[in-house]
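Here is a short briefing on a protein model. Keep the structure open while reading.

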Amino acid sequence: MKKTSVIVLSVLLLCCPAILWAAEKSETYIPWKNGKLTVSEEHRYLKHENGAPFFWLGETGWLMPERLNREEVPYYLECCKNAGYNVVQVQTLNGVPSMNFYGQYSMTDGFDFSHIDRKGVYGYWDHMDYIIRTAERYGIYIGMVCIWGTPVSQGLMDVKEAQAYGTFLAERYKDAPNIIWIIGGDIRGDVKTEVWEALATSIKAVDKNHVMTFHPRGRTTSAKWFNNAEWLDFNMFQSGHRRYGQRNGDGDYPIKENTEEDNWRYVEACQAETPLKPVLDGEPVYEDIPQGLHDPEEVRWSDADVRRYAYWSVFAGSFGHTYGHNSIMQFYRPGYSAAYGADKPWYEALKDPGFNQMKYLKNLILTFPFFERVPDQSVIAGKNGIRYDRVIATRGKDYMLVYNYSGIPMQIDLTKIEGTRKNAWWYAAKSGKLTYIGEFENKVTFFQFDGGYNSGNDQVLIVTDASAGYVQKDWTELPDAQQKWMK
């Protein structure tokens, strides 16, 4: 083991003692035991073959294949598991070629992979295999961005090479249970379209077991270019890192001017397409990254911001959400060059609040009937707010969830769900704390959290038919809803 890896591993264990191999001693939810992923009948969600729901809670570990060693990979994935993540998105290749921690290259003879496995050499793809197997042990899918968009836009992979690469990937990983294919990589779909089509169709020709999407550039959505493609199982958009008013005159955005932070608009734009396909925000603002991305002197996005993006997107109709952190996505550590002003070691960033708060959203959604949930803004009576005062609602037949970021007073139409009497709770987005409010008549009702008008003290109003048993009055937190799907 290299001296640098020994030092880093020691720091990791000091940060979180005894966590490294904890998964071997505790029960782990293994999602693919419910069968492979497929699109649900109403075309809004993903599910397993046996009908179990799949709520995508993603983490952006983009440079894990290139920067983490064998000791660090299980530590990172264990932390992801403990924080509730079930998908980690990675750049399988961030360049042509790519090089990993061990100085091994992804290819040495163009896109000819016939001699890539060398006896006695722990190569690039051996390390990728190790990452996928380790993630499998922790119940985590690897969202494989096959190749980042930049080298493709630079002409470093043509159609023939894309076909060879796609076939290689599919043959190597078609039997791994925890793969999700991601075509593209921070690029418009109308740039090198023929290359992306060749990569996608070559994978699909071999691998019938895994779902696939396209990761577009900031402030665009895959639905614009590929919604009708047979290989695209669900849509992904990248709402990006700009605050209101930071459009800078670039991009053919599907949303209105000066609405850059309203990621819920991308969800609505995707769901207006035919055919309807599931959608999620695959790259929103990152915790601790400068607003606008490129100027490290700018104000940085906080845990409150990443929560807002998550709840807005999911309540608008996304089937899940992906979180990101500036330091974690590039696995920054002292001695490495930093992008976007990252200054915190990645293993310290794992303790940041936003990274550890996303699980409350996942648990909330899984607590209620999953596939009947729809976005429904008619739940908000009267005029809704704009920007941070925007209140967003989602509901099933006998429950509704209303996200309020700023604490603005709101009128809620309780008649939009079944039941003659309604029970209501506040659910704190940053802590998962649950507080029973009371029983209410079936009518339009005024609600405001006791904390008053205060951005970042975001709350979810939970309302159910009084006869429903999803939530109990004496609960102070929600039980682990994933447990009912343990296999």
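The model is predicted. Its largest nonpolar core holds 131 residues. A separate core has 16 residues.

**Nonpolar cores**

- As background, nonpolar side chains in soluble globular proteins tend to be buried together.

**Trp125 and Ser106**

- Trp125 touches Thr92, Leu93, Ser106, Phe113, Ile116, Tyr165, Phe168, Leu169, Arg172 and Tyr173, with residues up to four places away in sequence left out.
- One of these partners, Ser106, sits in the loop between strand E5 (87–91) and helix H4 (124–137).
- Ser106 has a relative accessible area of 0%, so it counts as buried.
- Beyond four places in sequence, Ser106 touches Leu93, Pro97, Ser98, Phe113, Ile116, Tyr124 and Trp125.

**Helices H4 and H6**

- H4 packs against helix H6 (residues 159–173) at an angle of about 45 degrees, and their axes are 12 Å apart.
- H4 is therefore oblique to H6.
- On the H4 side, the meeting residues are Trp125, Asp126, Met128, Asp129 and Ile132.
- On the H6 side, they are Tyr165, Phe168, Leu169, Arg172 and Tyr173.

**Helix H3**

- Helix H3 spans residues 72–82 and is mostly covered, with 10 of its 11 residues buried.
- The buried set is Glu72, Val73, Pro74, Tyr75, Tyr76, Leu77, Glu78, Cys79, Cys80 and Lys81.
- Just after H3 comes Gly84, with a positive phi of about 95 degrees.

**Asp305**

- Asp305 is in helix H10.
- Its relative accessibility is 9%, so Asp305 counts as buried.
- Outside four places in sequence, Asp305 is in contact with Val285, Arg300 and Tyr405.
- Asp305 and Met128 are 177 residues apart along the chain, and their C-alpha atoms are separated by 32 Å.

**Tyr45**

- Where is Tyr45 found? Tyr45 is in the loop between strand E1 (37–39) and strand E2 (46–48).
- Tyr45 counts as buried because its relative accessibility is 0%, and the cut-off for buried is under 20%.
- Leaving out neighbours within four places in sequence, Tyr45 is in contact with Thr38, Val39, Ser40, Pro278, Ser318, Phe319, Phe370, Phe371, Arg373 and Val374.
- Tyr45 and Gly317 are 272 residues apart in sequence, and their C-alpha atoms are 9.1 Å apart in space.

**Cysteines**

- The count of disulfides is 0, taking sulfur atoms within 2.5 Å as the cut-off.
- Cys79 is buried, with a relative accessible area of 9%.
- Cys270 is buried too, with a relative accessible area of 0%.

Methods: Residues are numbered from 1 along each chain as its sequence is written. This is a predicted model: local features need pLDDT of at least 70, side-chain atom pairs count only at pLDDT 80 or more; totals for chains, interfaces and linings use all residues. Side-chain values use heavy atoms; hydrogens and water are left out. A nonpolar core is a set of buried Ala, Val, Leu, Ile, Met, Phe, Trp, Tyr and Cys residues joined through side-chain atoms within 4.5 Å. Buried means under 20% relative accessible area, exposed over 50%, partly exposed in between (1.4 Å probe, protein chains only). Contact means heavy atoms within 4.5 Å. Helices (H or I, at least four residues) and strands (E, at least two) are DSSP runs, numbered from the N terminus. Axes are lines fitted to C-alpha atoms, for helices over the stretch in contact, and angles run from 0 to 180 degrees between N-to-C directions. Angles under 35 degrees count as roughly parallel, over 145 as roughly antiparallel, 65 to 115 as roughly perpendicular and the rest as oblique.
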